[in-house]
Amino acid sequence: MSNESFWETLSEPWRAALEIAWEGYCAGTLPIGAAVADHEGKVLSRARNRSMDQCAPNKQIFGDMLAHAELNALIELKLDQESRQSAALYTTMEPCPLCMGAFYMSSIRTLYYAGRDPFAGSTNLLGTTQYLKRKPIRIIPPFDKRLEIALTGMYAETEIQLRGEEEITDHFFDEWRAVLSEGVDLGVALYSSGELRKRGANHAPAGETINWLVNQVK
């Protein structure tokens with residue numbers, strides 16, 4: 001598969017989640033995006049991390065540590081409870097405990113995520129309590145290794161910007177390296193080159209950027 005056609009191979013929900021994740025990067029917040037789609041793959045809502053934003057559409061949360069992509073995509077969703085059971089949540093990063101809880105209580109039964117989160121990812125919470133055993137939830141893990149590494153690289157590059165170069169040895173990155181060392185290495189390389197920041201400043205198209213990122217994966 002050529003990298004030029006990688007974006008075209010993605011389904012509409014994945015494109016929506018990745019587009020808004022890239023929007024988050026360009027806005028200077030964490031590059032995580034999420035979308036909810038119906039059983040036919042039609043996108044019903046989409047949202048990104050807005051923890052560093054000063055505003056947000058509709059009733060989405062912003063400017064707060066709770067302003068996560070998955071939570072905002074669920075808040076944005078206007079769908080009756082019965083129809084939600086055949087819908088699916090797509091997210092670029094494995095949900096944290098907050099977002100796993102929101103997903104479980106949303107009545108949506110299927111979750112797709114494109115990249116593991118060794119630091120906060122909490123899909124393993126399902127089934128750990130009687131309440132979390134009641135619903136027939138399906139969890140579909142990352143489907144493309146190159147995309148997972150590319151997204152990890154973008155996330156790690158953002159964290160280096162926020163934390164500072166001296167924090168690359170922090171335990172946060174140690175946990176990521178133990179599972180996705182290629183992604184962390186890519187993030188360091190992206191930070192050093194400044195190319196991703198340049199693309200963000202120029203608001204390069206999401207599809208073009210994802211193709212370019214996947215092409216950086218060795």
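Modeller: Let's start with "buried": that means under 20% relative accessible area, with exposed over 50% and partly exposed in between (1.4 Å probe, protein chains only). Keep in mind that this is a predicted model, where local features need pLDDT of at least 70 and side-chain atom pairs count only at pLDDT 80 or more, while totals for chains, interfaces and linings use all residues. Residues are numbered from 1 along each chain as its sequence is written, and side-chain values use heavy atoms, leaving out hydrogens and water.

Colleague: What makes you call strand β1 mostly covered?

Modeller: Five of the five residues in β1 (residues 33–37) are buried. G33, A35 and A37 point one way, A34 and V36 point the other way, and all are buried. As for the word "strand", it's a DSSP run of E with at least two residues, while a helix is a run of H or I with at least four, numbered from the N terminus.

Colleague: How do you know that β1 and β2 pair?

Modeller: Two strands pair if DSSP finds at least two bridges between them. β1 and β2 (residues 43–48) have five, in the antiparallel sense, so by that definition they pair. G33 stands opposite R48 in β2. The two strands form a hairpin with five residues between them, and G41 in the turn has a positive phi of about 90 degrees.

Colleague: And what makes β3 a partner of β1?

Modeller: β3 (residues 88–91) and β1 share four bridges, again antiparallel. Here A37 stands opposite A88.

Colleague: What covers the buried residues of α5?

Modeller: The cover includes α3 (69–76), β3, β4 (110–113) and β5 (138–140). The buried residues in α5 (residues 97–105) are C99, M100, A102, F103 and Y104. After α5 comes S107, with a positive phi near 80 degrees.

Colleague: Zooming out, how many helices and strands does the protein have?

Modeller: Nine helices and five strands.

Colleague: What share of the residues is buried?

Modeller: Buried residues make up 52% of the 218.

Key
Contact = heavy atoms within 4.5 Å.
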